[in-house]
Amino acid sequence: MLSDMKSLIELFVRAEQADRIGEVDPKVAKWVIDFARVLRTYFRAQVYGIEKMPSSKALLVGNHNAGITFFEPFILGLAWYEYNHGEDSLNYLGHDAMVDMPLLGNFLRKIGMIRASHEAADAAFAANRKVLVFPGGNYEAFRPFKQRHRVDFGGKTGYVRLALRNRVPIVPVMCLGGHETFFVLHRGEKLADLIGTKKLLRSESFPLFLGLPTGIGMGPVFHFPLPAKLEVELGEPISLEEYSPEDADDRAKCRQISEKVQGAIQAMMDARSARRKWPIWG
């Protein structure tokens with residue numbers, strides 16, 4: 001047992017470049033799979049439409065829930081692992097603050113997270129990988145509780161340019177439930193600008209929320225999640241074959257595609273959320 005603990009500590013500490021597209025560490029993957037199965041039980045999680053995943057490279061685009069304590073990606077990753085028997089892993093685009101965080105950043109990079117940059121994503125697509133991104137970032141992750149069923153990327157369209165340049169389809173991914181694991185009262189955009197987190201941490205929010213373990217929390221910090229029912233759904237892939245890589249510089253076309261993607265996610269959100277009778281319980 002002591003040797004297992006030592007090995008786990010080494011996996012956290014051993015450096016891993018945030019911009020390097022490497023293979024998922026099998027030792028870490030095994031631990032994460034077991035952890036994700038515990039999460040699936042705790043959150044009564046379900047994944048729909050996993051068979052819609054393209055066989056080749058693709059950009060998976062989802063709505064961001066639950067602030068920093070965001071477990072829907074683990075649930076999706078587990079479903080994909082079980083569906084394809086671990087033969088095709090996912091890469092996740094992560095915020096600078098996450099991939100650069102001591103210990104945790106090393107761990108996340110070993111399970112497929114790469115820096116949320118066009119350069120890192122381009123390298124992943126060049127290696128024929130599937131890449132998952134949440135364009136709404138902290139802006140959407142800390143939306144007020146009353147807007148928990150609203151898909152809002154905050155006008156971000158960079159992911160569309162990424163897909164167009166790399167000529168990959170976009171797979172809409174709907175995440176539901178994570179925003180019921182705590183209760184955001186206010187996004188705190190003005191406060192984020194005032195205290196400088198927008199510049200220093202690339203965080204557009206400095207939220208006020210209710211959640212465990214502190215009761216009241218402030219800022220883009222972790223919380224212990226309530227056992228809300230989590231649901232993840234993949235929509236039909238959106239082909240961009242009718243467009244050219246040069247269209248990545250056409251703002252109107254990028255907005256049009258982004259609206260189509262958000263609309264697809266919102267439609268899944270509306271259908272699933274309409275069946276949920278109570279917050280947390282689902």
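## Val173 and its contacts

Let's start with Val173. In this predicted model, Val173 touches Leu60, Val61, Gly62, Asn63, Leu76, Leu132, Val232, Glu233, Leu234, Ile265 and Met268, leaving aside neighbours within four places in sequence.

Nonpolar side chains tend to be buried together in soluble globular proteins. Here the largest nonpolar core has 39 residues, and Val173 is among those with the most contacts inside it, along with Leu60, Leu76 and Leu234. Two or more residues come from each of helix 2 (26-42), strand 2, helix 3, strand 3, helix 4 (96-99), helix 5 (104-110), strand 6 and strand 10. Helix 3 is the biggest giver, with 5 residues.

Another core, of 31 residues, lies apart from this one; Leu59, Leu164, Leu240 and Tyr243 are among its members.

An open sheet of 7 strands runs in the order 1-10-6-2-5-3-4, with mixed pairing. On average, neighbouring strands are turned by 25° against each other, direction ignored.

Strand 6 (residues 170-176) pairs with strand 10 (residues 231-234) in the antiparallel sense, over 4 bridges. Within this pairing, Met174 has Glu233 of strand 10 as its bridge partner.

## Helices on the sheet

Helix 8 (residues 158-166) packs on the sheet, where it touches strand 2, strand 3, strand 5 and strand 6. The direction of helix 8 makes about 165° with that of strand 2.

Helix 3 (residues 72-84) lies across strand 1, strand 2 (58-62), strand 3 (90-94), strand 5 (130-133), strand 6 and strand 10. Helix 3 runs at about 170° to strand 3.

Conventions
Residues are numbered from 1 along each chain as its sequence is written. This is a predicted model: local features need pLDDT of at least 70, side-chain atom pairs count only at pLDDT 80 or more; totals for chains, interfaces and linings use all residues. Side-chain values use heavy atoms; hydrogens and water are left out. Two strands pair if DSSP finds at least two bridges between them. Axes are lines fitted to C-alpha atoms, for helices over the stretch in contact, and angles run from 0 to 180 degrees between N-to-C directions. Contact means heavy atoms within 4.5 Å. A nonpolar core is a set of buried Ala, Val, Leu, Ile, Met, Phe, Trp, Tyr and Cys residues joined through side-chain atoms within 4.5 Å. Buried means under 20% relative accessible area, exposed over 50%, partly exposed in between (1.4 Å probe, protein chains only).
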